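Student: I am new to this structure and would like a close look at a single part of it, the open sheet. Could you take me through how its strands are arranged and what lies across them?

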Amino acid sequence: MTGADPSEDADEGAGLLVVVSTPIGNLGDLSPRAVDTLRRADLICCEDTRRTRGLLTHAGISGRRLLSLHVRNEGARLPEVLSELGSGKTVAVVSDAGTPTVSDPGGRLVAAAVAAGVEVTAVPGPNAGLMALVVSGLPTDRFCFEGFLPRRGSDRRRRLEALGTEERTTVIHEAPGRLAATLADLAAACGPDRDVVVARELTKLHEEVWRGRLAAAVGEFEAREVRGEVVVVLAGAGGGTGPSVDEAAVVGELRRQVEAGASWRDAAAAVAAGLGVSRRWVYEQALALRRQDEGDATG
């Protein structure tokens, strides 16, 4: 019965695996449905039992059986968890933060459960990559998720080369200590003028969303210590407009801003930010309008 509500007990003799999203920072993002699912689960698989026990305490849940399941032991845990599911138990899987299986453990367990004929469902919720994407101001109609780039070697070079020509917005996870080096590599592969957004500590007290071009990003983040979870959102190659936009509206707003005293560059930046479209594309429209006006003045 695909799509079953995990808040209900599993049918007798039929196990149920529930992938449960948990907060990426702000505990207020733990949904009532997630709380109910965790309260009802016979077993909760988690990256760090101490961290998950703290989350359960916050939610007023006690007495749940926890089993560590992380990147180093996921394969070894599969027989035990599949046995629980085979006996009709409801098993929830959580990561330390966000949505399990997305740059987090849980993917091998889900694949094994599906192969064994176990029903798998999910309680959706927080995800750092998607949050960074939707606040980035970059195109969201077509995007790809890169996750963590390889740290070194030919695999890293190939992935960076591919990003140089990727036309979709790309979401990348990165560790804070490697952020500056990755931004430098992206600038070399994609060019220094590619738009980029660096989102840090999302939903937390010191949330930061930095927007600019790769050259400026390298200078910004190599000059300071970076802490917390980091997501990089990279504009696609080609400088498309992003979400569907009325070109006439862009031209009209550019002219309005310039007539009010703004420079073409400042007008382009303001219009792009206001409409959530590519700054490069809007600036190209501004340059075309300026050339048109200069031609009319000398014609």
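**The open sheet**

Tutor: The chain has 11 helices and 10 strands, where helices (H or I, at least four residues) and strands (E, at least two) are DSSP runs, numbered from the N terminus. This is a predicted model, in which local features need pLDDT of at least 70 and side-chain atom pairs count only at pLDDT 80 or more, while totals for chains, interfaces and linings use all residues. Residues are numbered from 1 along each chain as its sequence is written, and side-chain values use heavy atoms, with hydrogens and water left out.

The open sheet is formed by 5 strands in the order S3-S2-S4-S1-S5, with parallel pairing; two strands pair if DSSP finds at least two bridges between them. At the edges are strand S3 (66-68) and strand S5 (119-123), each of which pairs on one side only. On average, neighbouring strands of this sheet are turned by 25 degrees against each other, direction ignored; the axes are lines fitted to C-alpha atoms, for helices over the stretch in contact, and angles run from 0 to 180 degrees between N-to-C directions.

Within the sheet, strand S1 (residues 16-20) and strand S4 (residues 90-93) run parallel and are joined by 4 bridges, and Val-19 has Val-93 in S4 as its bridge partner.

Helix H3 (residues 74-86) lies across S1, strand S2 (43-46), S3 and S4, and runs at about 155 degrees to S3. Helix H4 (residues 107-115) lies across S1, S4 and S5, and runs at about 155 degrees to S1.

Definitions and conventions. Contact means heavy atoms within 4.5 Å.
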